[in-house]
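Trainee: I would like a close look at one helix pair and what surrounds it. Please take me through that part step by step.

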Amino acid sequence: MGSFGLLVLLFKCSNGRKTIQERKVENGDGEEICAGEWPWPNSSNGVILESCCLNHIPSSSRACDEMMMDKCIRWNSWNHFHCDINEQLIRETADALVSSGLANLGYRYVNIDLISTEFCHVQLCQGNLVAKISTFPSGIKSLADYVHGKGLKLGIYSDAGSRTCSNTMPGSLGHEEQDANAFASWKVDYLKYDNCNSPGNSLQERYTKMSNALQNSGRRIFFSSCEWGEGDPATWAGSLGNSWRTTGDIQDNWNSMISIADQNDKWAAYARPGGWNDPDMLEVGNGGMTTEEYRAHFSIWALVKGPLLIGCDVRSMSNETLEILSNSEVIAINKDKLGLQGKKVARRGDGEVWAGPLSGGKVAVILWNKGSSQTSITANWTEIGLEPSTVVNARDLWAHTTQTVEGQISAVVDSHACKMYKITPRLRR
């Protein structure tokens with residue numbers, strides 16, 4: 001695990017859409033060029049992304065910036081409620097996101113996962129999707145209007161197979177354009193697209209069909225593919241949508257969380273602004289881990305630019321849960337405009353160093369203790385892309401204190417806990 005190198009990416013936007021990374025240059029014909037610096041461990045190995053051009057957004061710079069900045073922080077119903085959801089719950093969740101202050105921190109999407117739609121009888125409405133009457137009697141459009149009225153956005157769920165993972169609701173296979181148009185007519189802002197009950201044919205073919213349908217729907221809809229990483233979507237889904245699951249479903253326990261983090265780390269080089277590796281939703285607040293474990297969970301997900309998808313009941317969360325989810329300094333790492341995924345750069349015993357580049361030459365660093373006892377962990381500057389003699393201000397993002405250090409940063413870290421820092425090199429005199 002070497003030090004950060006420097007790789008300059010330069011791509012022509014071939015799909016007619018703007019890039020969101022360092023939009024600074026245009027060619028002589030007025031066509032925008034995707035340009036930016038990519039500091040990364042072992043970048044000299046020549047790993048190049050296919051493109052840094054962004055799908056599923058209109059070409060205005062403002063829209064590109066908005067999609068980048070609200071890429072990853074949302075609420076999703078699945079981890080806590082599973083199939084036990086209804087429109088009243090969604091309305092109350094929208095209310096709670098606003099009243100708790102979480103919406104002001106960027107948690108602006110309210111995502112309905114799994115049970116929300118069904119087919120209408122063909123003689124009544126030509127086989128279109130409709131809201132499930134027993135749980136969403138007012139319809140999805142009415143619910144979207146309510147959520148939008150709170151200054152939030154609404155997400156919905158479908159599947160690239162014949163039925164969803166509940167086996168009771170229809171999937172979108174063979175009805176991609178019809179369903180995408182329905183989502184757009186309901187003013188939906190986000191689609192999670194699962195992969196249950198699929199016919200076994202090409203993943204890329206089925207996800208491409210929905211991608212195209214969404215782009216032709218006339219509405220900007222964030223496309224989140226969820227085939228659990230089985231087809232290595234990091235290598236191809238970036239041309240189709242905005243995020244892709246790299247792993248199976250997370251469980252609310254320590255072993256599941258650290259395993260998911262390590263699996264997602266494999267694909268770090270493929271993430272970029274507008275295209276994000278998704279290690280699944282947050283379990284913070286659901287009760288299966290300790291406060292320190294949840295804090296580590298939130299820290300790592302923020303560093304790797306993973307979706308910060310709240311998975312607990314925000315209507316009744318504890319003060320400790322709110323304190324974790326509302327840490328604005330950690331959220332800022334996740335939303336950093338450079339948009340590059342951090343990764344594991346060193347491991348010594350049970351202690352690990354994770355790090356990632358930030359805008360302005362800064363670096364985010366996590367000292368993570370995966371062991372069962374307290375240990376001392378050190379991050380050396382050569383491991384995180386800094387010159388050994390560099391003097392920095394190291395901001396502890398959980399203690400909210402700052403220290404000045406040179407050459408390395410060390411801390412004694414409790415079992416299953418972490419220390420998270422924003423490293424800012426000081427100007428030389």
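Mentor: Start with helix α8, residues 254-265, and helix α9, residues 291-303. In this predicted model, their axes come within 11 Å and cross at roughly 15°. Angles under 35 degrees count as roughly parallel, so α8 and α9 are roughly parallel to each other. The crossing of the two is left-handed.

Now look at the residues that make the contact. From α8 come Trp254, Met257, Ile260 and Ala261. They meet Glu293, His297, Ile300 and Trp301 of α9. By class, this contact of α8 with α9 holds six nonpolar residues, one polar and one charged.

Stay with Trp254. Tryptophan 254 has a relative accessible area of 8%. The cut-off for buried is under 20%, so tryptophan 254 is buried. Besides its place in the α8 contact with α9, this residue has a ring partner, tryptophan 368. The ring centres are 6.0 Å apart, and the planes stand at 80°. Planes over 60 degrees apart count as edge-to-face, so that is the class of this pair. Tryptophan 368 sits in strand β15, residues 363-369. Tryptophan 254 belongs to α8, so the pair ties together parts that are 114 residues apart in sequence. Tryptophan 368 is buried too, because its relative accessibility is 0%.

That pair belongs to a wider set. The structure holds 12 aromatic pairs. Elsewhere, ring pairs join Tyr193, Tyr207, Phe223 and Trp236 into a cluster. Two of the cluster's members, Tyr193 and Tyr207, are also contacts of serine 225.

Serine 225 lies in strand β9, which spans residues 222-225. At 5% relative accessibility, serine 225 counts as buried. Leaving aside neighbours within four places in sequence, its contacts also include Ala237, Ser243, Trp244 and Arg245.

Trp244 and Arg245 come up again at proline 233. Proline 233 lies in the loop between β9 and β10, and β10 covers 243-245. This residue is buried, with a relative accessible area of 2%. Beyond four places in sequence, proline 233 is in contact with Glu227 and Gly238 as well as Trp244 and Arg245. Its C-alpha atom is separated by 9.4 Å from that of serine 243, 10 residues away along the chain.

Helix α3, residues 87-99, packs with helix α5, residues 140-149, at an angle of about 10°. Their axes are 10 Å apart. The angle makes α3 roughly parallel to α5. On the α3 side, the contact uses Glu87, Ile90, Arg91, Ala94 and Asp95. On the α5 side are Ser142, Leu143, Tyr146 and Val147. The classes here are five nonpolar, one polar and three charged.

Last, the setting. The chain's secondary structure comes to 11 helices and 20 strands. Of its 429 residues, 57% count as buried. Among contacts with a separation of 6 or more, 70% come from residues 24 or more positions apart.

Technical notes: Residues numbered from 1 in each chain as written. Predicted model: local features only at pLDDT ≥ 70, side-chain atom pairs only at ≥ 80, totals over all residues. Heavy atoms only, no water. Axes fitted to C-alpha atoms, helices over the stretch in contact; angles between N-to-C directions. Helix = DSSP H or I, 4+ residues; strand = E, 2+ residues; numbered from the N terminus. Parallel < 35°, antiparallel > 145°, perpendicular 65-115°, else oblique. Left-handed = near helix turned anticlockwise from the far one by under 90°. Contact = heavy atoms within 4.5 Å. Nonpolar A, V, L, I, M, F, W, Y, C, P; charged D, E, K, R; others polar. Phe/Tyr/Trp six-rings, centres within 6.5 Å; stacked < 30°, edge-to-face > 60°. Buried < 20%, exposed > 50% of the residue type's maximum accessible area, 1.4 Å probe, protein only.
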